[in-house]
Amino acid sequence: MHSPPVTPPNPRIASIDVVRGLVMLIMTLDHVRETFYLQHQVSDPMDVAGTDPALFFSRLAAHFCAPMFVFLTGLSAWLYANPASGTRSATGFLAKRGAFLILLEIVVINFAWTGTFTPHTVYLQVMWAIGLSMLALALLHRLPLLLLAAIGAAIVAGHNALAGVAFAPDTWATSAWTILEQRGNLMYDPVRVRISYPLLAWIGVILLGYACGPLYARSMPAVQRRRWLMVAGVTSLLLLALLRTWNVYGEPLPWAPHETLLRSAMSWLNFTKYPPSLDFLLLTLGVGVLVLAWIERIDAGWVRVAAVFGGAPLFFYIAHLYLLLVAQRVAAAVLDVPRVDVDHVWQVWLCSVLLALLLYWPTQRFGRYKRESGKAWVKYL
């Protein structure tokens with residue numbers, strides 16, 4: 001008697017892993033910059049007149065990371081709620097994973113950045129924003145998809161109109177607004193807590209990602225999926241061109257012509273990330289969904305390498321931060337200096353490549369373990 005063939009329990013969609021992996025690798029570049037290039041800090045917003053173009057465009061590349069990761073988190077949540085075996089509730093998974101990411105941000109990731117368990121400031125950054133966005137999605141994902149898409153689009157497009165809203169200091173409304181829309185300090189005593197990633201716009205992005213989930217349903221032909229992604233991407237970029245060129249709406253920092261075409265382009269591309277402006281999201285998500293459409297048709301070695309990092313993104317995220325922390329401490333001790341910095345942007349890129357190479361095999365092994373172990377806790381990583 002022959003045993004029936006075993007079907008993998010959760011087949012992964014390659015293009016999603018590939019794009020997520022590309023996002024993680026680009027993110028590594030920015031984190032190497034923040035660890036080993038601090039003598040050339042990039043302000044927020046970036047100083048177009050004074051920033052070296054190589055540094056500016058390296059930083060611009062990193063702008064694509066958070067929007068696409070949050071968008072893909074929403075899309076993956078829809079896939080979790082709609083497996084081939086039939087629909088299931090994603091509420092518990094989203095709530096537990098969201099709370100877990102917030103805890104990681106406060107305890108594990110803050111230590112990776114500061115090297116101390118008693119920092120003067122606790123920074124609530126991207127994992128905090130993703131975790132809270134997942135909690136919001138846990139509450140909202142049962143709404144009709146068209147309504148979720150409308151809410152997400154309204155938040156992404158409309159939150160810039162709230163820029164002038166302010167509340168009396170030291171009130172609960174000010175604290176709530178700091179979490180939602182106004183980057184700043186949430187508290188000062190007994191430790192300073194700083195909101196680096198205001199939440200509201202990211203809720204809009206994760207809702208849009210979830211609403212796009214049916215594009216990856218088994219019943220959706222690949223050609224039709226790519227067509228919809230292409231339409232969405234091109235429409236976003238055309239709208240960006242209209243809004244940005246004439247400084248109509250969607251970006252609090254108007255652009256202006258400079259003495260050279262390059263500096264003018266840098267001014268045009270200088271978007272606000274904290275919180276992410278509409279123009280910022282039109283650029284990053286517009287290009288991102290075009291890459292999602294294009295990457296499905298590519299079969300090359302570098303695509304499979306990127307998929308390894310995208311298959312275990314949280315493992316890679318934490319591992320690369322701790323490896324950077326150790327590298328900085330060891331290098332400073334060996335050279336007997338307070339800290340070590342490289343001198344050129346190309347060295348930042350080189351260090352990023354070396355870091356990815358060092359973590360490729362551990363990430364691959366953990367990703368395989370995550371897929372094959374069947375252990376419930378592993379899915380949260």
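Reader: Which helix gives the most to the lining of the second largest pocket?

Author: This is a predicted model. The second largest pocket has a volume of about 1,100 Å³. Among the elements that give two or more residues to its lining are helix 2 (53-62), helix 4 (91-114) and helix 1 (14-36). With eight residues, the most comes from helix 1.

Reader: How many residues of the lining of the second largest pocket are charged?

Author: The pocket is lined by 41 residues, and those closest to its centre include Arg33, Glu34 and Trp113. Asp, Glu, Lys and Arg count as charged. The lining divides into 22 nonpolar residues, eight polar and, as charged residues, eleven.

Reader: Lysine 370 is buried; which side chain of opposite charge is nearest?

Author: Lysine 370 is part of helix 14 (residues 345-372). Leaving out residues up to four places away in sequence, lysine 370 touches Gly311, Val378, Lys379 and Leu381. A salt bridge needs a side-chain nitrogen of Lys or Arg within 4 Å of a carboxyl oxygen of Asp or Glu. Lysine 370 has no salt bridge, and the nearest side chain of opposite charge, 7.8 Å away, is aspartate 17.

Conventions. Residues are numbered from 1 along each chain as its sequence is written. This is a predicted model: local features need pLDDT of at least 70, side-chain atom pairs count only at pLDDT 80 or more; totals for chains, interfaces and linings use all residues. Side-chain values use heavy atoms; hydrogens and water are left out. On a 1 Å grid over the protein atoms alone, a cavity is a set of points where a 1.4 Å probe fits but cannot get out, and a pocket is an open set with protein on both sides within 12 Å along at least five of seven lines; lining residues have an atom within 4 Å of a point. Grid points are joined across faces, edges and corners, and a volume is the space filled by probe spheres set on the points. Helices (H or I, at least four residues) and strands (E, at least two) are DSSP runs, numbered from the N terminus. Buried means under 20% relative accessible area, exposed over 50%, partly exposed in between (1.4 Å probe, protein chains only). Lys and Arg count as positive and Asp and Glu as negative; His and the chain ends are not counted. Contact means heavy atoms within 4.5 Å.
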